[in-house]
Amino acid sequence: MTAISSKKEGAQPSTATLRMIKVWDPVVRLFHWTIVTACVLNLFILDEGKYWHRVTGYAVAAAIALRFIWGFVGTKHARFTDFLPTPAKVMNQILSILDGDEKRYVGHNPLASVMMLCLMMLLAATALTGWMTTLDAFWGEKWLEELHGIIANGIMVLAFVHAGAAVIESWRHRENLVWSMVTGRKKA
């Protein structure tokens with residue numbers, strides 16, 4: 001995680017003079033937008049337990065497997081070693097936010113890292129419990145269906161928090177973080 005101080009001396013450079021760098025590679029961006037699309041489909045559009053709901057769940061499982069591998073062999077900001085949050089890093093970020101001296105990170109900041117890892121674990125758990133409901137051993141088990149739904153609702157809540165945080169961070173650091181996940185580029 002590369003931190004950049006948010007306090008600048010003098011005037012801000014114009015948007016035209018800002019140097020843009022590649023941060024989010026195509027695998028990271030494809031993973032992100034695959035998950036966004038799958039969550040919208042499975043939470044709001046597709047019928048629970050039906051064919052396309054299951055296919056979408058399998059696509060999520062495949063995306064998570066690919067992202068997990070990419071977390072070890074991918075580009076700099078895709079690697080888990082670049083953004084593995086520690087309690088000290090998370091606490092330092094929280095304290096710097098409270099002090100009004102928040103650092104800007106080129107990759108994931110510590111709190112975003114916690115969110116991403118939590119979402120990945122919940123997505124994996126949702127895919128697993130969804131798959132388990134198709135097995136003869138668990139066919140018709142209400143507790144498993146309820147657990148699957150609870151985890152899916154947890155993803156929805158965290159996704160809204162994640163989106164809200166991206167908007168707030170975009171405003172505070174004067175850069176469009178959502179657009180950076182489309183283009184792969186951020187301010188240097």
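Predicted model: local features only at pLDDT ≥ 70, side-chain atom pairs only at ≥ 80, totals over all residues.
The secondary structure of the protein chain comes to seven helices and four strands. Followed along the sequence, these elements come in the order β-β-α-α-α-α-β-α-α-α-β. The C-alpha trace of the protein chain spans about 65 × 30 × 30 Å along its principal axes.

Next come the contacts between helices. Two packed helices are described by the angle between their axes and the distance between the axes. Take helix 1, residues 26-45, and helix 2, residues 51-73: their axes come within 10 Å and cross at roughly 155°. Angles over 145 degrees count as roughly antiparallel, and helix 1 and helix 2 are therefore roughly antiparallel to each other. The crossing in which helix 1 passes helix 2 is left-handed. On the side of helix 1, the contact is made by Val 27, Val 28, Phe 31, Thr 34, Ile 35, Ala 38, Leu 41 and Asn 42. Helix 2 contributes residues including Trp 52, His 53, Thr 56, Gly 57, Val 60 and Arg 67. By type, the residues of this contact of helix 1 with helix 2 divide into 12 nonpolar, five polar and one charged.

Helix 2 also packs against helix 5, at an angle of about 135° and with the axes 9 Å apart. Helix 2 and helix 5 are therefore oblique to each other. Helix 2 passes helix 5 in a left-handed crossing. Here Gly 57, Tyr 58, Val 60, Ala 61, Ile 64, Arg 67 and Phe 68 of helix 2 meet Met 116, Met 120, Leu 123, Ala 124, Ala 127 and Trp 131 of helix 5. The residues of the contact of helix 2 with helix 5 comprise 11 nonpolar, one polar and one charged.

The last topic is empty space. Rolling a probe the size of a water molecule over the atoms shows where empty space is left. The largest pocket has a volume of about 1,200 Å³. Its lining is made up of 45 residues, and those nearest the centre of the pocket are His 32, Leu 119, His 162, Ala 163 and Ala 166. Several elements each supply at least two residues of the lining, among them helix 1, helix 4 (87-99), strand 3 (103-105) and helix 5 (110-132). Helix 6 gives the most to the lining of the largest pocket, with 12 residues. The residues of that lining divide into 31 nonpolar, eight polar and six charged.

Key: Residues numbered from 1 in each chain as written. Heavy atoms only, no water. Axes fitted to C-alpha atoms, helices over the stretch in contact; angles between N-to-C directions. Parallel < 35°, antiparallel > 145°, perpendicular 65-115°, else oblique. Left-handed = near helix turned anticlockwise from the far one by under 90°. Contact = heavy atoms within 4.5 Å. Nonpolar A, V, L, I, M, F, W, Y, C, P; charged D, E, K, R; others polar. 1 Å grid on protein atoms, 1.4 Å probe; cavity = no way out; pocket = protein on both sides within 12 Å on 5 of 7 lines; lining within 4 Å. Points joined across faces, edges and corners; volume = space filled by probe spheres on them.
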